[in-house]
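I opened this notebook page to record what I looked up in the structure, starting with the domains and then turning to the backbone.

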Amino acid sequence: MRYFYDSHCHMMNLSHPNLSAIIKRIYNDSIKPLLLKYSVYLKVALLVLLFVIPVVVITLLLTGHFEVIKWILYAVSLIAVILFVFVVVKFGDKKKREIEISKIKSTLLDKVKEKLANVMNLLAAMETDIGDCLIQMEEELRKKIPLNNVLAISGNGEKKEYDKIVLTPLIMDFGLKDSGKTNLIYKVRWKPIVAQVEDLCTGIRDYYLYRDKYITGHAEPLFQIIPFMGINTQNYYSEKDNTTGKSISVSLVQLLDKNFSEFKYDTSPQMRRKKIDAVNWRQFNGDIESIGSYYFLGIKVYPPLGFDPWPEDVVEREKVCYLYQYCIDYNIPITAHCSPGGFLVKKDYKDFSSPYRWEKVLDYHDENGEKPFRKLRLNLAHFGGVDGVDWGKKIADMILEGDPENGQYKYENLYTDISYQGVDKQSYVELSGFINKYDAEQRARLIERIIFGSDFMINLQDISSYSSYLQYFFDTDVFTLEEKDMLCNKNAERFLFVG
Ligand SMILES: [Zn+2]
């Protein structure tokens, strides 16, 4: 069986996310840039009218340059007359006027409408039941992309086939102990993750249980769904352990043990794949207390919501160290949001997402000179983002960094993904342009470390459907078929530790 991996997507319903953060994000990503674009023209016009002109005229008056003022007045009057004639010619005819006005209106309105349509689409995907959303994703894919039992990508007269699409919905821990500064009377103060986990698990079950009612002629489900648990260590309380004197978060230990303890015995990715395949989601009884290892594949951390990868506070530091050590010992992949954007609930949290912050984790050495977290299985998502920061370059540098001690690459389990970026076809051209700047060996290493991801359903802000996102990836010719196969299959399997 060959799998196509979408290693970065989300499935949530409207009660899960921090809605105020979503609205803020939609405003910041979509509406603010539009407003800003036009407010620049307005600002320039006001500046000229209220400041530049009066200052020039007053200066000329005070210095007695009446002659210059006279000529300026002539010039201004002439421009006004020309402008008047232009307006009369261009808009004098009612029909012409209507055409011109509707042109201006429609370019503006089309943009607003397109944004609104995307936002409505996103809200609908969130509002419907998670199980139904998954069924609709499969329906839409089958309608748009010819799936003759298998998904195929072709290139250079050859093709790669995939029997199933693996989705790894990443849960985000929206539980906020600190809701940040807001002037609102009521705040989002806490939001336990349990309800989200329960709804996601029920949704996955319902996808498998009810897809036959909507999708006929294809008995085998297209998707295999293996979620990532969302963890924000800041939301777990610590107690002092009297025997060791160290503080320990019992609830964090319990959560990890409950969902991942069996991973310890997986000596190979094939073994883990077997155990994961053996999970029968159809039998999930709705109670998350009943689930154990292999329902979740990895862990998602989301710094914009307050998770700090390397906190200064001693108690907080102990919690993240416990998490990282656990992930290394049990071979658990961690995906970390790594772009300056996202659901940023507090400005200070922006730096938490930075690859520089993660470098401190990976490079940490204890008093004996041991570097316990070097081998962390880590995906710095979104390739650092496209918001004009150097994070993408930093991630590439980290991936390519050599270890002077052994001549190998320094961080052997470091990856990045391209989720969300593919809403724009052009992003693949930019990505290949970026990695083509490196020499052949470095380029080959980078290509081995990039994972395909969609960021569905969040990506619906900028694209109309799941199939369109996949289609852009299938169609791009900046990568060879073999390279695409690495992004969506080989690299993902290596990162996820599933063979
Ligand atoms: Zn995401």
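I began with the domains of this predicted model, and I noted that the centres of domain 1 and domain 2, taken over C-alpha atoms, are separated by 50 Å. I then looked up the bounds, and the domain assignment of the chain gives domain 1 as 3-14 + 130-496 and domain 2 as 35-119.

Next I turned to the peptide bonds, where I found that the bond from Phe-456 to Met-457 is cis, with omega near -5 degrees.

I then went on to phi values. For Asn-331 I noted a phi near 55 degrees, which is a positive value in a residue other than glycine, and I located Asn-331 in the loop between helix H8 (314-329) and strand S10 (334-336). Is Asn-331 buried or exposed? I recorded Asn-331 as buried, because 20 other C-beta atoms lie within 10 Å, and the cut-off for buried is 20 or more.

My last entry concerns Phe-383, whose phi is near 50 degrees, again a positive value in a residue other than glycine. I traced Phe-383 to the loop between strand S11 (378-380) and helix H10 (391-400).

Key. Residues are numbered from 1 along each chain as its sequence is written. This is a predicted model: local features need pLDDT of at least 70, side-chain atom pairs count only at pLDDT 80 or more; totals for chains, interfaces and linings use all residues. Domain bounds come from an automatic or database domain assignment. Helices (H or I, at least four residues) and strands (E, at least two) are DSSP runs, numbered from the N terminus. A residue is buried if 20 or more other C-beta atoms lie within 10 Å of its own, exposed if 12 or fewer, and partly exposed in between; C-beta atoms are placed from the backbone.
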